[in-house]
Amino acid sequence: DASRLDAELARQDSVPVDLQALVEAVVALQNDLAAKRDQKVVLTTRPLGAPHLAFVVAGHDGRLGQVLTNLVDNARSFSKPGGEVRVELAANGGA
């Protein structure tokens with residue numbers, strides 16, 4: 001099933017994704033889970049140029065969201081109670 005789903009998603013066209021909104025949503029959800037272990041997930045952003053366009057990328061929001069969720073969840077699992085996971089979204093100015 002996973003292979004079939006991955007192949008299906010790979011055939012879909014990329015669309016503009018507001019990465020900042022997606023990361024903010026993932027961090028908010030992860031903070032709810034982190035609170036149960038007395039942890040925090042902190043987001044910082046560093047846009048370059050026009051802030052409203054800085055984090056728009058071509059992709060699939062569901063797939064990107066799953067990757068981000070997995071990364072933050074993994075970081076939380078290796079953090080001690082009372083710990084902090086830091087997520088930074090930064091524009092590098094490249095293409």
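What percentage of the 95 residues of the protein chain count as buried? The share is 23%, where buried means under 20% relative accessible area, exposed over 50% and partly exposed in between, with a 1.4 Å probe and protein chains only.

The model is predicted, so that local features need pLDDT of at least 70 and side-chain atom pairs count only at pLDDT 80 or more, while totals for chains, interfaces and linings use all residues. Residues are numbered from 1 along each chain as its sequence is written, and side-chain values use heavy atoms, with hydrogens and water left out.

**Figure 1. Overall arrangement of the protein chain.** The protein chain holds three helices and four strands. Helices (H or I, at least four residues) and strands (E, at least two) are DSSP runs, numbered from the N terminus. Read from the N terminus on, the order of the elements is α-β-α-β-β-α-β. Of the contacts with a separation of 6 or more, 82% come from residues 24 or more positions apart; contact means heavy atoms within 4.5 Å.

Figure 2. Helix H2 comprises residues 19-35, 17 residues in number, and reaches 24 Å from its first C-alpha to its last, close to the expected 24 Å. The expected span is 1.5 Å times one less than the number of residues. The buried residues of H2 are Leu 19, Leu 22, Val 23, Val 26, Val 27, Gln 30 and Ala 34. They lie on the same side of H2 because they cover an arc of only 130 degrees around the axis, the arc being that of the directions from the helix axis to the C-beta atoms. An α-helix has 3.6 residues a turn, so residues three or four places apart point the same way. Leu 29, Asp 32 and Ala 35 are exposed on the other side of H2. Strand E1 (15-18), strand E2 (40-46), strand E3 (56-59), helix H3 (61-77) and strand E4 (84-90) pack against the buried residues of H2. At the start of H2, the backbone nitrogen of Gln 20 has a side-chain oxygen of Asp 18 within 3.2 Å.

**Figure 3. The crossing of H2 and H3.** The axes of H2 and H3 come within 10 Å and cross at roughly 35 degrees. Axes are lines fitted to C-alpha atoms, for helices over the stretch in contact, and angles run from 0 to 180 degrees between N-to-C directions. The crossing in which H2 passes H3 is right-handed; a crossing is right-handed if the near helix is turned clockwise from the far one by less than a right angle, and left-handed if anticlockwise. Residues making the contact include Leu 19, Val 26 and Leu 33 of H2, and Asp 61, Leu 68 and Arg 76 of H3.

**Figure 4. The buried face of H3 and Arg 76.** In H3, Gly 65, Val 72 and Arg 76 are buried. Seen down the axis of H3, these residues fall within an arc of 45 degrees, so they line one face of the helix. The elements covering the buried residues of H3 include H2, E2 and E4. Arg 76 counts as buried because its relative accessibility is 7%. Residues up to four places away in sequence aside, Arg 76 touches Gln 30, Leu 33, Ala 34, Arg 37, Gln 39, Val 41 and Val 85.

Figure 5. Most residues other than glycine have a negative phi. Gln 39 is placed in the loop between H2 and E2 as well, but is buried, with a relative accessible area of 5%. The side chain of Gln 39 reaches the backbone oxygen of Ser 79 at 2.8 Å. Residues touched by Gln 39 include Ala 34, Arg 76, Lys 80 and Pro 81.

Figure 6. Leu 43 lies in strand E2 and is partly exposed, with a relative accessible area of 24%. Leu 43 and Glu 24, 19 residues apart in sequence, are 7.4 Å apart in space, C-alpha to C-alpha. Val 56, in strand E3, is partly exposed at 41% relative accessible area. Leaving out residues up to four places away in sequence, Val 56 touches Pro 16 and Val 17.

Notes:
Polar contact = N/O pair within 3.5 Å; in protein donor to acceptor, adjacent residues only side chain to side chain.
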